[in-house]
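Please examine the sequence and the structure shown here before reading further. The paragraphs that follow lead through selected strands, helices and single residues.

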Amino acid sequence: MMSPEISPSPEAFQDRYRTLVDAISDYAIFMLDANGYVSSWYTGANKFKGHRDDEIVGEHFSRFYTSEDQEAGLPARALRLAAQEGRLEEEGWRVRKDGTRFWAHVVIDPLRDNGQLIGFAKITRDLSERKRAEEALRRSEEQFRLLVQGVTDYAIYMLSPKGFVSSWNVGAQRIKGYTPEEIIGQHFSRFYTDEDKAVNLPARALEIAEREGRFEREGWRLRKDGSRFWANVIIDAIRTEGGELIGFAKVTRDITEKRQVEEALAKAQRDLFQAQKMEAVGQLTGGVAHDFNNLLMAILGSLEIAEKRAAAGQDVTGLIRNAIQGAKRGASLTQRLLAFSRKQELELQPVDIPDLVRSMTDMLRRSLGPIEINTNFPLGLPKVQCDPNQLENALVNLALNARDAVSSDGEITIGAKRHSVATGDRSELKPGDYICLSVTDNGEGMDDETLANATAPFFTTKGVGKGTGLGLSMVQGLMAQSGGRLVLHSTKGEGTCAELWLPTAGGIHETAKSNQAEDKVVALQHTYNRPLNILVVDDDQLVLTNAVLMIEDLGHATTPAQSAEEALKILSENSNFDLVITDHAMPKTTGSQLAGMIEQKWPGLPVVLATGYADLPQGADRTVARLPKPYSQAQLVVAISQAVEP
């Protein structure tokens with residue numbers, strides 16, 4: 001038989017209750033009498049408030065309120081509301097014993113006995129830390145809101161996942177012209193132009209931002225009044241921590257002024273370039289006009305005297321040779337200009353430098369005047385791969401520059417040495433064997449600034465109209481086309497050394513091959529089996545007449561034509577021609593186009609294209625034989641022989 005359960009006494013129950021309440025430290029739990037005086041005090045209350053029970057029991061609970069709340073009568077109001085409504089719950093500032101404040105969550109429940117109010121149970125929780133966090137968050141959000149709203153140079157606003165405007169800052173209102181009431185809830189595509197809408201750019205922008213996380217572009221956008229502005233636009237996707245898309249942040253900046261400045265700058269740069277180009281053209285034409293005038297004076301003067309002496313039956317051979325020499329120098333000047341522009345075709349072949357310099361000795365002495373010229377070439381120097389005519393021009397150019405730099409008793413030395421460039425050498429040259437051909441003077445030399453600009457196009461230290469300023473830059477262009485390099489060494493007061501680094505030729509086999517070709521040309525000049533019937537085409541009457549005379553002097557029959565159209569008509573009427581020699585640069589139909597038409601209608605009829613340019617238009621037949629202009633009768637013989645050779 002079980003013993004009956006003995007109920008605890010009221011004293012024991014009270015002890016257990018007190019033990020339970022004292023164990024709670026996160027809440028201040030205490031009792032008030034009906035008038036608000038503290039009637040019991042527990043451990044949690046001591047922790048929060050700072051009062052011991054012997055200090056606070058019997059004191060009015062209003063002392064826990066701030067002075068402001070006490071003056072406002074909040075303690076009495078709290079008890080009254082709790083008694084009336086059966087419960088009061090609120091948050092507010094409370095005061096500890098030491099006077100410090102903390103943010104409290106307060107619950108007051110009325111205690112009744114048979115309906116009679118006998119007191120209140122009061123539970124207080126310290127929420128200061130949460131309050132500080134909320135306040136910090138509130139301040140942060142407020143600062144961010146103020147920041148966004150304070151930005152006037154950028155339109156910063158939010159879009160829903162579908163692209164509808166959900167927020168609007170002052171900058172957006174200033175740039176776009178819409179107030180928040182007008183635009184919030186509207187689709188952002190209204191800011192785009194009709195052209196962009198037609199290609200569905202607004203939707204594609206959101207798709208890219210959603211897929212890649214960001215979209216950025218510049219383009220035209222519309223204001224409320226319909227005017228356009230050039231905008232830089234950034235759209236960022238906004239997602240939750242779980243990755244769910246909740247909208248987009250859109251930042252737009254009006255950069256119309258920046259774009260206008262950039263366009264103005266670009267225009268100014270174009271204008272400056274045009275001005276510089278015109279200045280360069282002026283310098284070029286002045287220098288070229290000076291050189292050509294001198295040549296034309298020699299040619300016209302010689303021919304004028306030759307005409308008078310020929311009428312008197314006197315020998316005019318010397319005068320004619322002088323005119324030919326002047327014309328050759330004019331052709332050389334043109335070739336140098338074309339070499340500078342990379343439009344002169346180089347005829348690379350093995351060249352013996354000592355032989356080339358010896359062949360130029362008389363011309364150099366006449367050109368340089370009473371200047372001592374020395375040469376220094378080692379025995380057994382290999383040949384270089386270069387265009388001999390262009391190399392002659394380069395040497396004359398360097399020698400003339402050296403002459404201008406020395407005094408009347410100065411010296412110029414032309415020499416050459418063999419060098420090798422190994423793989424890994426710090427050089428602009430490819431690995432291999434080179435000949436360094438040098439022109440050295442003991443003249444005034446150049447300072448660092450002049451030396452740095454010496455090869456710049458149109459740079460010259462001579463007076464206006466006394467040079468093109470293209471000499472060294474043309475030499476530099478020749479070296480680059482030949483696989484070599486121009487190197488200048490100079491010190492003020494100590495003279496200048498100009499070095500032409502040229503790759504060596506392939507050896508004896510190539511030399512023998514070159515000599516065989518030369519022998520063949522000489523033989524062909526006198527071994528035609530029959531006179532040829534040649535159609536000659538050129539739009540320049542003087543050039544056409546001269547070409548006809550040169551060809552007929554070789555014993556051939558010619559038919560002249562001044563255009564491609566006339567040439568085609570002649571061929572249609574009589575196709576019994578052995579060869580067509582045509583100029584390339586003609587109006588309407590070029591020589592290259594004419595060659596293509598002839599190949600289609602009269603296949604097998606050889607065509608020689610006379611041109612001073614190495615580059616032909618895209619699509620032109622590069623296999624058509626070419627004759628460099630201006631050409632000599634010897635070059636004409638070679639071109640004709642190669643064209644009709646079986």
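How many bridges join strand β15 to strand β16? The two strands, residues 485-490 and residues 496-503, run antiparallel and are joined by 6 bridges. This is a predicted model, in which local features need pLDDT of at least 70 and side-chain atom pairs count only at pLDDT 80 or more, while totals for chains, interfaces and linings use all residues. Residues are numbered from 1 along each chain as its sequence is written, and side-chain values use heavy atoms, with hydrogens and water left out. Strands (E, at least two residues) and helices (H or I, at least four residues) are DSSP runs, numbered from the N terminus. Two strands pair if DSSP finds at least two bridges between them.

Another antiparallel pair belongs to an open sheet. Its 5 strands follow the order β2-β1-β5-β4-β3, and their pairing is antiparallel. At the edges stand β2 (38-41) and β3 (88-95), each of which pairs on one side only. On average, neighbouring strands of this sheet are turned by 30° against each other, direction ignored. Such angles run from 0 to 180 degrees between N-to-C directions, with axes fitted as lines to C-alpha atoms, for helices over the stretch in contact.

Within this sheet, β4 (residues 101-113) and β5 (residues 116-126) run antiparallel and are joined by 10 bridges. H105 has R125 in β5 as its bridge partner. N114 is exposed, with a relative accessible area of 79%; exposed means over 50%, buried under 20% and partly exposed in between (1.4 Å probe, protein chains only). Helix α5 (residues 74-85) lies across β1 (27-33), β3, β4 and β5, and runs at about 45° to β4.

A positive phi also occurs at N200, where the value is near 60° in a residue other than glycine. N200 is found in the loop between α9 (194-198) and α10 (201-212), and is partly exposed, with a relative accessible area of 41%.

Is D441, in contrast, buried or exposed? D441 counts as buried because its relative accessibility is 8%. This residue lies in strand β14 (residues 432-441). Contact means heavy atoms within 4.5 Å; leaving aside neighbours within four places in sequence, D441 is in contact with A402, A405, V406, E411, I412, G495 and T496. D441 and C497 are 56 residues apart in sequence, yet 6.5 Å apart in space, C-alpha to C-alpha. The side chain of D441 also reaches the backbone nitrogen of G443 at 2.8 Å.

Which residues of helix α21 (residues 591-601) are buried? They are G591, S592, L594, A595 and I598. These residues lie on the same side of α21 because they cover an arc of only 155° around the axis, the arc being that of the directions from the helix axis to the C-beta atoms. An α-helix has 3.6 residues a turn, so residues three or four places apart point the same way. What covers the buried residues of α21 includes β17 (533-537), α20 (564-573), β19 (579-583) and β20 (607-611). The face turned away from the buried side of α21 carries the exposed residues Q600 and K601.

Note on methods:
Polar contact = N/O pair within 3.5 Å; in protein donor to acceptor, adjacent residues only side chain to side chain.
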